[in-house]
Amino acid sequence: MINITKNFEDSVLTVTLDGKMDTNTTPQVAAEIEADVENADKLVLDMKDLKYISSAGLRLLLSLHKKMVVKGGMVIKNVNETNMEILDFTGFADILTIE
């Protein structure tokens with residue numbers, strides 16, 4: 001299960017994720033973000049309460065990064081230690097902007 005909170009302000013779409021982003025929930029996350037990301041110049045993903053991210057979630061991050069790099073970019077914030085290890089191990093930490 002995942003809870004998604006979105007805030008759109010000054011062309012910045014901020015999405016807060018709470019729960020697990022796995023093969024069951026990633027399509028829901030993608031649909032929620034895709035609904036608004038076209039109108040955004042920048043995407044901010046707040047992962048403070050994201051407890052787990054699977055390979056499906058990682059693919060979504062890469063897809064969103066590719067889409068937003070030609071605009072104002074994408075920033076990932078508040079990554080917990082476990083998810084940061086996954087991003088480091090997979091090399092995503094070198095590709096994505098993480099604050």
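Helices are DSSP runs of at least four residues, numbered from the N terminus. The model described here is predicted.

A patch of negative charge lies on the surface, where Glu81, Glu85, Asp88 and Asp94 gather. Helix H3, spanning residues 81-90, gives the most to this negative patch, with three residues. Aspartate 94 belongs to helix H4, residues 92-95. The relative accessible area of aspartate 94 is 72%. Aspartate 94 therefore counts as exposed, since the cut-off for that class is over 50%.

Aspartate 22 sits in the loop between strand S2 (12-21) and helix H1 (26-37). Aspartate 22 is buried, yet has no salt bridge. Its nearest side chain of opposite charge belongs to lysine 20, 6.3 Å away. A salt bridge requires a side-chain nitrogen of Lys or Arg within 4 Å of a carboxyl oxygen of Asp or Glu. When residues up to four places away in sequence are not counted, aspartate 22 touches Pro27, Tyr52, Ser54 and Ala56.

Leucine 64 is part of helix H2, which covers residues 55-69. The relative accessibility of leucine 64 is 1%. Leucine 64 therefore counts as buried, as that class lies under 20%. Neighbours within four places in sequence aside, leucine 64 is in contact with Ile33, Glu34, Leu43, Leu45 and Met74. Phenylalanine 8 is 56 residues from leucine 64 along the chain. The C-alpha atoms of these two residues are separated by 16 Å.

Terms used: Residues are numbered from 1 along each chain as its sequence is written. This is a predicted model: local features need pLDDT of at least 70, side-chain atom pairs count only at pLDDT 80 or more; totals for chains, interfaces and linings use all residues. Side-chain values use heavy atoms; hydrogens and water are left out. Helices (H or I, at least four residues) and strands (E, at least two) are DSSP runs, numbered from the N terminus. Buried means under 20% relative accessible area, exposed over 50%, partly exposed in between (1.4 Å probe, protein chains only). Contact means heavy atoms within 4.5 Å. Patches are made of residues with over 30% relative accessible area and no salt bridge: like charges are joined within 9 Å, nonpolar side chains (Val, Leu, Ile, Met, Phe, Trp, Tyr) within 5 Å. Accessible areas come from the Shrake-Rupley method with a 1.4 Å probe; for residues, only the protein chains shown count as cover. Lys and Arg count as positive and Asp and Glu as negative; His and the chain ends are not counted. The place of a charge is taken as NZ of Lys, CZ of Arg, CG of Asp or CD of Glu.
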